[in-house]
Amino acid sequence: MTARFYVTTPIYYVNDVPHLGTAYTTIAADALCRAHQLFGYETRFLTGTDEHGLKLATAAQERGETPQTFVDHMSAPFRAAWSELGIAHNDFIRTTEERHKKFVTTLWAKVEERGDLYEAAYEDWYCVGCESFKTEKELEDGHCPTHKKPVQKLKETTFFFRLAKYQEELLALYTERPEFIQPSTRRNEVVSFVSGGLRDLSVSRTSFSWGIPVPGHDRHVMYVWFDALANYLSALGGEDGELGRFWAPNAKVVHLVGKDILRFHAVYWPSFLLAAGYSREQLPTTIFAHGFLTIDGQKMSKSLRNAVDPVRLAREVGRDALRWYLLRSVAFGQDGDFSHEALLTRRDADLGKNIGNLLSRTLGLCTKFFENKTPAHHGNTALEDDLDVAATKEVVAAEKAWRELDPTRALEATAALGQLANQYVDRAAPWATAKQGDMPRTATILATLLSILERISVLMMPVTPALAIEVRAQLGLAPLTPIVGTNLWPHAAPHRPAGEALMPRGPLVPVLDEVARQALLERLMPARTEAPVTTEIPTTEPAPLPSDLPSQVPSPSAAANAKVVEQAAAPITYDDFAKIDLRVGLVLTAERVVKKDKLLKLTVDVGEDAPRSIVAGLALSFKPEDLVNRRVVVVANLVPRDFGKGLISHGMLLASGPSDALKLATVPSELAPGAKLK
Ligand code: MSP
């Protein structure tokens with residue numbers, strides 16, 4: 001039987017625009033879907049917008065629009081945003097569509113027919129923000145604890161759903177199917193909530209009309225959550241469409257939600273389904289509740305949500321980089337923090353340096369020694385055997401993590417695969433074997449690296465699909481197309497035949513130097529640097545020196561623009577200058593020097609057969625790992641300097657600044673190691 005996977009996001013309220021929180025859920029769902037495609041599942045991925053209810057009716061009224069015009073206008077940005085973020089959903093449902101209304105009306109009728117709806121007078125507190133009733137106990141000073149706004153007293157005759165009746169069956173379900181609510185901490189919360197007793201739920205309204213009419217009782221519209229939750233089924237086309245194929249037990253059905261709306265999904269939704277006659281086997285497989293993101297440690301207020309627009313971020317830093325960061329840096333299921341600095345650091349470390357440099361280093365050596373073609377593999381040594389075992393472990397771990405809905409762990413394993421390969425290059429040292437003239441060994445090392453890179457390209461596909469295609473293109477491989485029924489996960493790593501064309505074409509993700517990084521951060525976080533300029537300093541005044549700026553830390557660009565007056569050196573002739581051999585260097589390794597606090601020992605590729613050993617006084621300004629893979633300017637013809645105990649420096653790096661805050665002179669990443677500066 002074909003394995004099927006159906007993943008959904010919450011349908012988002014359209015009184016808000018797409019923001020980092022909703023983008024996070026949607027990206028996670030997309031990645032889970034893509035991973036399952038690679039495992040051979042037939043998949044379906046649904047997202048959409050929630051367009052009924054008091055909240056939206058009020059928002060429309062405030063804008064002076066009819067609710068329908070308002071929701072039409074506000075739903076469109078969601079589709080556009082998801083497309084910019086590389087989301088490949090199969091369907092986008094809007095609860096104002098006929099197909100949805102038709103399904104929900106039938107669902108209501110089924111529940112009513114089975115006797116789980118009744119009319120009664122009702123009086124209770126209601127939070128419009130949550131679209132949910134609140135008990136006295138839940139309120140904080142008469143305010144909703146989530147929205148911090150006053151709640152309203154609602155008094156109506158409404159339809160009630162017999163929720164209390166399902167308490168025992170729900171508890172049995174949670175026990176029988178521990179995977180139904182994940183992660184387990186959240187499951188415990190729901191179990192304790194349900195164990196505390198359930199009250200019947202008011203599921204219709206007569207005080208406003210923006211909703212799906214209750215069949216046979218046109219004065220009532222359905223409670224927005226009864227309407228909204230049904231989207232997961234209405235989008236499958238009702239009983240005649242995809243319902244059978246993509247619904248449980250014929251498919252693994254995963255509803256991804258934020259922890260804020262777990263209760264609706266794990267308590268109300270299964271109860272509605274059971275009440276409509278669905279069996280326990282026909283309930284979704286898993287409701288997975290992820291945590292909440294803060295921005296720079298702060299709760300996502302409306303203004304913060306607007307300031308950190310995921311689409312703009314994707315355009316500025318790369319959409320795959322944003323996707324990678326969100327899923328790798330925030331442990332899935334737990335709360336986490338978003339920061340622009342962390343995003344850039346993660347992008348550079350994982351995609352730029354770890355995977356990106358592995359690719360360019362490997363392809364660079366293939367170009368240099370094997371005319372840009374795949375070299376032949378001449379048999380493993382113990383080094384390759386060890387690498388194969390360790391790499392396969394990570395590949396298996398990544399698959400397991402995806403299947404267990406843990407993208408963070410899966411990406412950890414993906415990055416670990418890159419790290420293993422980088423350690424392997426350092427140990428196997430293909431530049432040294434080539435220098436010794438051992439070309440078969442050099443070929444084996446590079447063939448091994450190419451096969452690891454091919455595996456990495458597959459592991460990257462769920463989260464960074466465009467970069468995965470780029471890695472494959474540079475390796476001379478076509479994009480991988482999932483095949484239903486076939487697991488394409490790279491459990492084995494066969495070597496390619498020798499002589500196939502490779503297509504190196506520059507860095508996968510350019511690593512920014514400090515100046516470019518700060519400039520990008522300023523663009524992304526205008527509030528950080530605009531304040532002193534716009535509020536304190538008249539724009540007609542010349543730019544102030546950093547010390548003139550009000551209390552704020554000077555912006556990096558202001559500091560960079562300020563002039564530093566240093567004693568000028570005596571003039572030299574051009575011939576004098578030409579004697580200095582300045583070259584582009586690529587730092588391959590960096591380590592501290594025992595008992596020399598200020599020194600770092602580097603190996604630097606300056607375009608020669610073997611990298612040079614250079615000792616530099618950089619230890620107070622840089623961590624060794626910050627230097628690896630950086631392009632630097634090397635004075636290549638200085639007489640070697642002996643630091644004692646066998647420590648000899650074969651060159652010098654150009655830098656500026658105080659010894660504990662040095663900045664390195666840098667060069668663009670297009671310049672190859674060894675290029676002369678003149
Ligand atoms: N319309 C309901 C859902 C109905 S589903 C049948 C709703 N919509 S919402 O627009 O408020 O979206 C809520 C979802 O947005 C959360 O469950 C979560 O997936 C996502 N997030 C909103 N803010 C978030 C964070 N700060 N962090 C992470 N995700 C967040 O509720």
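How much area is buried between domain 2 and domain 3? About 800 Å², and carbon and sulfur atoms give 54% of it. Buried area here is the accessible area, with a 1.4 Å probe, that two parts lose on being put together, summed over both.

Some ground rules. This is a predicted model, where local features need pLDDT of at least 70 and side-chain atom pairs count only at pLDDT 80 or more, while totals for chains, interfaces and linings use all residues. Residues are numbered from 1 along each chain as its sequence is written, and side-chain values use heavy atoms, with hydrogens and water left out.

Domains next. The assignment gives domain 1 (4-290), domain 2 (339-515) and domain 3 (558-664). Those bounds come from an automatic or database domain assignment. The C-alpha centres of domains 2 and 3 lie 30 Å apart. Eight residues of domain 2 are in contact with 11 residues of domain 3; contact means heavy atoms within 4.5 Å. Which residues of domain 2 lose the most area to domain 3? Lys-353, Trp-431 and Lys-435, together 46% of what that side buries.

Now a helix pair. Helices (H or I, at least four residues) and strands (E, at least two) are DSSP runs, numbered from the N terminus. The axes of α14 (residues 340-370) and α18 (residues 439-459) come within 10 Å and cross at roughly 145°. Axes are lines fitted to C-alpha atoms, for helices over the stretch in contact, with angles from 0 to 180 degrees between N-to-C directions. Who makes the contact? On α14, Leu-358 and Phe-369 are among them; on α18, Leu-446 and Ile-456 are included.

Over to the sheet. It is open, with four strands in the order β6-β5-β7-β9 and antiparallel pairing. Two strands pair if DSSP finds at least two bridges between them. The edge strands are β6 (132-134) and β9 (201-202), each pairing on one side only. Two bridges join β7 (residues 152-161) to β9. Phe-161 has Leu-201 as its bridge partner in β9. Helix α10 (residues 262-275) lies across β6, β7 and β9, at about 35° to β7.

Last, some backbone details. Where is Lys-148? In the loop between β6 and β7. Its phi is positive, about 55°, although Lys-148 is not a glycine. The peptide bond from Gln-182 to Pro-183 is cis, with omega near -10°. Pro-183 sits in the loop between β8 (181-182) and α6 (184-195). The bond from Ala-248 to Pro-249 is also cis, omega near 5°.
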